[in-house]
Amino acid sequence: MERYQLKFIERMEETISKWQQAGVVDQNDVVRFFHTVVGTGGTIGLHEFADIAKDQLAYVKKQDKAHWSYEEIEPLLVGLIGGNEEPTEQLEMEDESPAVINDLKPLILLIDDDHYFVDFMKRLLEGKGYVVLAALSGEKGLQIYMNQRPDCIILDLVMPDVVSFRLLDQLMEKASKEFIPVMMITGEADDKIELEAYRKGVSDYFKKPLVKESFLVRLENRLKLRKMVQNSVMIDELTGAFSRRFLEIESNRLIEAYHRYNEPFALALLDLDHFKQVNDQYGHNIGDKVLVKFVEFLNESKRKLDLVFRLGGEEFLVIFPHTTKEQAMNFLKRFLVDFHEVPFKVNEGMFHLSFSGGLTEMKEAATSIQSLIEEADQALYEAKGNGRNQIAVSDHNTVKKMHNHVHVYVVDDDPIIRQILSENIQQLNVKGVKINSLSFRDGEAFLKSDWYKPRERHIIILDRIMPRIDGLELVTKLRAEYPEAQIVILMLTARNNEKEVVQALEMGADDYVTKPFKLDELLARIKRLIQRSFM
């Protein structure tokens, strides 16, 4: 990190030297300079510089000036000229980054129209290690829920675009199927409303002002309970397929029978083709019905001894006991043909779907079901890469590993921030996902590039203040011209300004991070968003 500090100090001194030679400096350039020192300086460990610049930034913004003479600027640079802060190698952001980044922190969805309370809760929860996504409207909250599948929902009862309990009804219908706790926080002191909320299924009801200690303890308890339920449930609530927990139990029995009695079994990993397009075109409710019908089809088509498991999203596993992979392939070929004839009705129309699969079988070297799933996963990606609607058989000599792709873009006019984030994001390791990271100096350069990849996921990290096209303008363009479900936008800002945070969220940003930020925490958040995108 010391090299970033030295480079930053050198660049800061070059800027000041140019100002001195020019004699006159534009107001926007002065604001951007102190903005950068606050954000980037604080992030890379130059805290004394950041503290000085924070006060000067507040002063400069209050001045009604179009230009500054260097003589006017020079007193504001005291403490920055001459590099009175020595670079440090050991920074707080590096102390625990491996543990933080590898630990999948619980994701909290916060829905409240009071942006001051949202900011308070976000800081409180992130300070306890949670990842928090905030929505200022019910519509945005539902969208985040469907795209990110949070571990807990915290909801305000009174929302401008929600009539009575309508939002709560919609959330409870979905969350109850996945054992996601819904906690309500409201300023309403009406016992009848509280009772009705509990009747509808909320796990906890808190009245403002919030007692922080009690709230945090109950939140932790709810998350622990959800994890226990997830680990014990045998049936997937949505589709009726068996769960991962039952897979763990049954696979151990089958593997033991193979090693003891040489009883073969095959397994196939199945994935619905273009399922995301169904969600995008018809909505997640239709998507859920497709998943249910697919499981019904598999259960009706398989033998009684075969087992169907849901691994997550549109991905399913079928185990064929006492069966070789050649025999299983015959079953799967019939499944492919028959499923293509299954109609899915929507409104006045109808559509059909296909699926792809990867097939493998138990072998002597296998000691766990996970190694077999990975083999089937490799074959599945070969099937998809070869055009979908087919089954590929695992063969170590021919199967090439393919990945889901996520594109992470850093749009920031500060080259230090671009370099730090790009280098570290590229090193993130998310199983089954290939991460492509690029950086751009401003919004204009970003929009002119070939950045958008249809049917793939994108995470865009952008700065609030940039030349030409600023962060808010860029968010507006992205939301107007590209599919929202495929793009997660995270805004970086050095301004502790609630109005601008509200603007960013209302225009379509999914999250915001205030500079200076801790690198390990930001990387953990990015990794969490990537993992959630493919769950």
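The largest nonpolar core has 75 residues, of which Phe34, Leu421 and Ile461 touch the most other members. A nonpolar core is a set of buried Ala, Val, Leu, Ile, Met, Phe, Trp, Tyr and Cys residues joined through side-chain atoms within 4.5 Å; buried means under 20% relative accessible area (1.4 Å probe, protein chains only). The model is predicted: local features need pLDDT of at least 70 and side-chain atom pairs count only at pLDDT 80 or more, while totals for chains, interfaces and linings use all residues. Residues are numbered from 1 along each chain as its sequence is written, and side-chain values use heavy atoms, leaving out hydrogens and water.

- Leaving aside residues up to four places away in sequence, Ile461 is in contact (heavy atoms within 4.5 Å) with residues including Val408, Leu421, Leu490 and Ile526.
- Another core, of 44 residues, lies apart from the largest one and has Ile154, Leu216, Leu219 and Ile460 among its members.

**Annotated positions**
- An unreviewed UniProt entry places "modified residue: 4-aspartylphosphate" at Asp156 and Asp463; such annotations may be inferred rather than shown by experiment.
- These two positions are spread over 308 residues of sequence and up to 29.2 Å in space, between C-alpha atoms.

**Surroundings of Asp156**
- Asp156 is buried, at a relative accessible area of 6%.
- Its contacts beyond four places in sequence are Ile111, Asp112, Asp113, Ile185, Thr186 and Lys208.

**Surroundings of Asp463**
- Asp463 is buried, at a relative accessible area of 1%.
- Among the residues Asp463 touches beyond four places in sequence are His35, Asp412, Asp413, Thr493 and Lys515.

Technical notes. Buried means under 20% relative accessible area, exposed over 50%, partly exposed in between (1.4 Å probe, protein chains only).
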